[in-house]
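Student: I am new to this structure. Could you take me through the terms as they come up?

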Amino acid sequence: MTVNPSGWRPSVPSNENGETHTVTGNRALMLEEPLIFEIGSTEETGVDFDDFAPPPQGEVARSAGGGVGGQTPSVGFADGSPGGGGVKVRNLERSRPIGLPGLSEPETVRHYTRLSRQNYAIDLGLFPLGSCTMKHNPRLNEKIARLPGFADVHPLQPQETVQGALQVINELAFWLLDLTGMYGIAMSPKAGAHGELCGLLCIRAALEDRGDEREVVLVPESAHGTNPATAAFAGYRVENIPANGAGRVDVEALVARLGPDVAAVMITNPNTCGLFEPDMKAISDAVHAAGAFVYCDGANFNAIVGKVRPGDLGIDAMHINLHKTFSTPHGGGGPGSGPVVLSEALAPYGPLPFVARMPDGSFKLVEEENAAEFHPKAFGRMVAFHGQMGMFTRALAYILSHGADGLKQVAEDAVLNANYLLRSLSDVLDAPFASSGPCMHEAIFSDRGFGDDVNTLDLAKALIDEGFHPMTMYFPLVVHGAMLIEPTETESKASLDQFIAAVRSIAERARAGDQSLKAAPVYAPRRRLDETLAARKPVLTYREPQPAEAAE
């Protein structure tokens, strides 16, 4: 009988002797974890229930939890109809067993703890994802966010009971305005792409207010991939602007395309090639002269915070990923936060709600019921409530602990680390823009010079064997076989040197055409997936093993 008779799963790498498993499936302290259905049984439960007896005649059958293992008790109602777990409400009772396995508390805790040990985390090592800025989350920020009054605040509380929380939102807003040199801000967007949509809706509202119907948004090739998707979602037609040989916007091509149908240009600065756009002010002036607006993707603001104010470059709207620049948690799908700063031209159209400081020093949320008095041109609202309170608290704690001089050093250290990595690897990896001047927060490499049949994916998989999460691969598209690496400012020289040594070793093997890279990773809990098949035909449901399989 197999230990894990769950149908297909990725194969386990073998050891030096060709052995693929032990009797238990464990390999020393790397514990093999079955599916939750393989641990518990749907016929059992980890909680003891009293024996269930049918109710007296005429009473509705009620159950605390649905019987043994979550199964539906066999009880009936006074009218003779079949019973069900819980209260019978308009045929919403269960018609069949729920089918969930019953586990004890120790089994449950161990299951999820073992799974977590097979995941990579910023608390384990360097996370070199370019354009994602996965960096250390200071524990001070976490402590502050868990203080009573922040951790348990509720969005429907009366405003007079949450004045401290509103003050935090207001103070963070003013810090963001000061750091960006902008005029207004929307705090409620929940993520970077959500902020992009907010900015474009402000632009649409401003254009409609002046009776100007424009339908095109220009997006350079060096912009983030969410930019064209957001513009299309907002109802605009997207047109690409090429990059020049230095990895920056082709300004002549951009200016030549400007016209009365262009609503906005969405530009990422620093861009996704890890380079600052030195012609940003000239681009903004040309866009404004054509009657359009400039949206800046501020995801890479961590490279220039305290050094450059986007408002001084003619930006009209920019989202700020709080996880990237101000070190709030990132990963696992959230919680995200993407406040949007707005120019004086767009600020009147920003969404509701927002926090206003009243003459008596109190704070008030401007909502729909008082928008006519305070904010009559607002395009509407982005979310039901007011944004991510936990992220606001963490970001403000980060800003206050650094101060203006500390935030400037954050940008300088991020750029220093990225350039150290770029120059330490450019002799073994092709760096297409190494001659374009210093990179900013991230360095980009290509697969040029790799041996036959060895590619970027092979190098990334070999990095897993070395204990590192792979970098961003195959993006941006302007670089063939791209490897986008961001070390962030929170990494020490020692950790960078270890990462550089690992990449150099693998890069040299790739240049030599080492075919053993095709088998990587060798030491991970599972061998390499067929990523195309996994994406097109994922196995996402548990299948009970058939008797013949269980007997093998």
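Tutor: Start with two terms. Strands are DSSP runs of E with at least two residues, and helices are runs of H or I with at least four, numbered from the N terminus. Two strands pair if DSSP finds at least two bridges between them. This is a predicted model: local features need pLDDT of at least 70, side-chain atom pairs count only at pLDDT 80 or more, and totals for chains, interfaces and linings use all residues. Residues are numbered from 1 along each chain as its sequence is written, and side-chain values use heavy atoms, leaving out hydrogens and water.

Student: What makes β8 and β9 a pair?

Tutor: Residues 354–357 and 363–366 are joined over 4 bridges, in the antiparallel sense. Pairing needs at least two, so they pair. V355 stands opposite L365.

Student: Which strands stand at the edges of the open sheet?

Tutor: The sheet has 7 strands, with mixed pairing, in the order β1-β7-β6-β5-β4-β2-β3. β1 (184–186) and β3 (237–241) each have a single partner strand, so one side of each lacks a neighbour in the sheet.

Student: How do you know that β6 and β7 pair?

Tutor: Residues 317–319 and 340–342 share 3 antiparallel bridges. The cut-off is at least two, so this counts as a pair.

Student: What does helix α4 touch?

Tutor: Contact means heavy atoms within 4.5 Å. Helix α4 (residues 163–180) packs on the sheet and touches β1, β6 and β7.

Notes. Axes are lines fitted to C-alpha atoms, for helices over the stretch in contact, and angles run from 0 to 180 degrees between N-to-C directions.
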